[in-house]
Amino acid sequence: MDCDHCDAQSGAARYLPARGELRLIRVCDRCGVEVAELGRMPYAPAPRLLTIHLVELTARELRLSEQRVAALRLAALTGEQPEPGSTEALVIERCASYVERSADGGAAAGTLHAGGRRARGKRTAAARKEHIEQAFARALSRHDTRLDKAAA
Ligand SMILES: [Zn+2]
């Protein structure tokens, strides 16, 4: 197409589900071609957004280091699985199962048992789960209810 893209241009956003990103771009109004990329931002539609939010709040309630909070947030965003049985994995499972339940009316709880069934270190895992459960409860009471509505 013969267009020099010199007419008006508009801002637009393209969602990249695989990357959990929103690309902010400028497009030519005449031919629709993308002229420039203005930036990218992490983005996931609710209910994943709610999961990520809860994961971050729970991590902070657990007083994890900023580094671990950031890593957890990224894992929740990308869907990457932390080491099974780790605090990170348990936090994500807990938050994801809450969001799934509130979305499906209690039907889906499968992720609760993901990566379980390890005899070794079972007791410490149970204690950690309890610790995380309490942190999650505090996080839930703090979390922004507007996000809850957005996810519904
Ligand atoms: Zn053009």
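## The nonpolar core

In this predicted model, the largest nonpolar core consists of 21 residues. Those with the most contacts inside this core are L54, V55, A76, V91, I92, C95 and I132. In soluble globular proteins, nonpolar side chains tend to be buried together.

When residues up to four places away in sequence are left out of the count, I92 touches V55, A75, A76 and P82. Two of these partners, V55 and A76, are also among the residues with the most contacts inside the core.

A96 is found in helix α3. Is this residue, A96, buried or exposed? A residue counts as buried if 20 or more other C-beta atoms lie within 10 Å of its own. A96 has 24 C-beta neighbours inside 10 Å and therefore counts as buried.

The position of A96 may also be described relative to A76. The two residues are 20 residues apart in sequence, and the distance from C-alpha to C-alpha is 8.9 Å.

## The packing of helices α1 and α2

Two packed helices are described by the angle between their axes and the distance between the axes. For α1 and α2, the angle is about 160° and the axes are 9 Å apart. Angles over 145 degrees count as roughly antiparallel, so α1 and α2 are roughly antiparallel to each other. Their crossing is right-handed.

Which residues of α1 and α2 meet? On the α1 side they are T51, I52, V55, E56, A59 and R60. On the α2 side they are R68, V69, L72, R73, A76 and L77. V55 and A76, one from each helix in this list, are also named among the core residues with the most contacts.

## The antiparallel strands

Strand β1 (residues 9-16) and strand β2 (residues 21-28) run antiparallel and are joined by 8 bridges. Within this pairing, Y15 has L22 in β2 as its bridge partner.

β2 also pairs with strand β3 (residues 34-42), again in the antiparallel sense, over 7 bridges. Here L24 stands opposite G39 in β3. β2 and β3 form a hairpin with 5 residues between them. In the turn of this hairpin, G32 has a positive phi of about 85°. In a regular strand the side chains alternate between the two faces of the sheet.

Terms used
Residues numbered from 1 in each chain as written. Predicted model: local features only at pLDDT ≥ 70, side-chain atom pairs only at ≥ 80, totals over all residues. Core = buried A, V, L, I, M, F, W, Y, C linked by C-beta atoms within 7 Å. Buried ≥ 20, exposed ≤ 12 C-beta atoms within 10 Å, placed from the backbone. Contact = placed C-beta atoms within 7 Å. Helix = DSSP H or I, 4+ residues; strand = E, 2+ residues; numbered from the N terminus. Pairing = 2+ DSSP bridges. Axes fitted to C-alpha atoms, helices over the stretch in contact; angles between N-to-C directions. Parallel < 35°, antiparallel > 145°, perpendicular 65-115°, else oblique. Left-handed = near helix turned anticlockwise from the far one by under 90°.
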